[in-house]
Amino acid sequence: MSSETNQILTTDGIPLEVSLKKAERKNKIKAFLLVAPLLLFLIITYVFPIGDMLFRSIDDKMVTQMLPKTFKAMENWDGQELPEEEVFAAFHEDFVKLVEDKREGKLSTQLNYTKNGFKSIIKKLRRASKKFEEGNYKEQIMAVHKRWADVEYWRAIQRRAPEFTGQKYLKGMDMYVNEEGKIVSVEEDRRIHRVLWLRTLEIAFFVTVFCFLMAYPIAHLLATLPMKYSNLLMICVLLPFWTSLLVRTASWMILLQQQGIVNDFFVGIGLVADNNRPEMMYNKTGSYVAMTQILLPFMVLPLYSVMKTISPSLMRAGKSLGGTPFVAFWKVYFPLTIPGIGAGCLLVFILAIGYYITPALVGGASGTLISNQIAFHMKSTLDWSFASAMGLMLLSGVLVIYWLYNKIVGIDNIKLG
Amino acid sequence: MALPKYTEPHYRIWHYIYLTICAAVFFFLIAPLFVIFPLSFNAEEFLSFSDGMKRLDPDAFSLRWYKDMIYGTKNPWGLAAKNSFIIAIFATIGSVILGTVAALGLSSRHMPYKGLIMAVLISPMIVPLIISGVAIFFFMAKAGLAATHTGIVLAHIILGTPFVVITVTATLSGFDHSVTRAAASLGSDPVNTFMKITLPLILPGVISGGLFAFVTSFDEVVVVLFLAGLENTTIPIQMWTGLREQLSPTILAVATCLIILSTLILVTAELLRRRSERLRGINR
């Protein structure tokens, strides 16, 4: 019996099971081929470049390639006392080559990142090295400047030997590797990055809270009003949603400036004196107000789509069973809206944490976020590896939230408009 | 939303407080957009309402800044608008084609590793723009496409496809696959089936995805800031520069035009959404 069921054949004599599997595989390949162009495009132009950022952020080959012989000679050095003549000779050889290629300036910049004081002694060494005689380089180099005879500086050079380094990540957290090779924080008043990370989290958190508090009532109103009114009100949510971000930021710049309409209004109702108008822009207030308004639709839309599915009879049932409207709301309606709350809050938080344009325009110095710092290093200091490191730190944070979002809501459930 | 007659007074008060809060939030959402509109007709150079405007004096209003936007010497807006439209149109076409085809594959029930692939395809929407900007810049610089229209179009295709994928998969979720099987059994080849049967049915989703892609490209500034050279300037870049350096009323004239454009897009998107809902309602 059983052998008979296993041996069901199709008309052309192939077992049905095999034939079905073949068809299934064909369908799989067909579906995959449809996705393949976009997937390939994104992998090449987007996923690999993000991987490239990772590579750039830990890449430290520059010095390794500038001083190959020195690092080779240093392999046998224990770092306790000054290195032997062999190391000095190798360093001299590398250095002469660098001077020939006019790259000794880059070396001094790089070494200065590791330890302050390299700039001047490398300049001195370049001038002196022209008159160097063959042999006994240790004596000659040490005679150029007393720092060349300081073992600390040779240790600093040795620390740049590895091809890869995590120091950009440490710098992003205001930490560095000190002379003894321990990871320590920089002085209290120089911890600019930690301040920025905390401020980014703080602003993203409060913007999310404000958005939630403002979006909940209006999403409820939109979901409960009859269609003809709610469609009209929905425009108030959707028009800002579709309007250019820069236009909306521009309007906040007009409203919040010191001679602006909001301040005029405050003076008009006598809240503040005309000669004492508060600064509402170029500080945190500006970032808060503008970002809340700009991100509000992203909270309203998911809440609305969830509230729309809640039947009004549930509230009525709650009330008819003796609950006051508040109890009915809290025990029946609110728990049903939690998926929408989760979706909206995570969406707004993810968007807020990476915000760049609005804080740069209305945030001033005290309202800028980590994104602004990344852009600053990309465009002004050109420290691309540091920008990459900070970008990836931000990205890993966002990916954790994204993963949570996927767990709680599911990516497939993102709704637009 | 009228209250029933038997509502107790304190609930009535609560209800009115609730309505007031809602009104305030709607005002907060929409009012900033309407500030720009009158100020762009300001006859003076200031960005606040002049006394003449408050009195509704016709002399206080003028089309001066609109003229400046169009005819002004050394004004970048013409070039910027041309670039913006060219880039946005090509980016939209690219996103729509790639995104729709991918969505067709994704909504097939035979698709392997659906979750993982979906996550990759949506990622440009989730990853903060600044990081996308840095990554795309590194790629374009290596490929020699920085400061070219092609580079910016490709970048905007990356950013636009997630929207198309999402809207089209959503439309396809209500799609009755037996119609394509019927077409196939009647001898139609897959391409013909797609063009004659599937595409007309999912068109609302495709178009609204395309609108998202268009707006994303038209409004995108972070990535373009990294990529654009002087000849590739776009409207958002010009606005960004203008807002950083000095707020001139010409920007408000441009902003008003952009608000009108977004209103048109909103209306189109809404009509499409309703049509799509109606169609899906019939399918059920």
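Colleague: Into which domains is chain A divided?

Modeller: This is a predicted model, in which local features need pLDDT of at least 70 and side-chain atom pairs count only at pLDDT 80 or more, while totals for chains, interfaces and linings use all residues. Residues are numbered from 1 along each chain as its sequence is written, and chains are lettered from A and ligands numbered from 1 in the order in which they are written. Domain bounds come from an automatic or database domain assignment. Chain A has domain 1 (16–58), domain 2 (61–163) and domain 3 (192–413). The C-alpha centres of domain 2 and domain 3 of chain A are 53 Å apart.

Colleague: At what angle do helix α6 and helix α7 of chain B pack?

Modeller: Helices are DSSP runs (H or I, at least four residues), numbered from the N terminus. Axes are lines fitted to C-alpha atoms over the stretch in contact, and angles run from 0 to 180 degrees between N-to-C directions. Helix α6 (residues 129–143) and helix α7 (residues 149–173) of chain B pack at about 140°, their axes 11 Å apart.

Colleague: Which residues make the contact?

Modeller: Residues are in contact if their C-beta atoms, placed from the backbone, lie within 7 Å. On α6(B) they are B:S132, B:I136 and B:M140; α7(B) contributes B:G151, B:A155, B:I158 and B:L159.

Colleague: Is B:L261 buried, exposed or partly exposed?

Modeller: A residue is buried if 20 or more other C-beta atoms, placed from the backbone, lie within 10 Å of its own, exposed if 12 or fewer, and partly exposed in between. B:L261, found in helix α12 (residues 249–283) of chain B, is partly exposed, because 17 other C-beta atoms lie within 10 Å.

Notes: Helices (H or I, at least four residues) and strands (E, at least two) are DSSP runs, numbered from the N terminus. Two residues are in contact if their C-beta atoms, placed from the backbone, lie within 7 Å.
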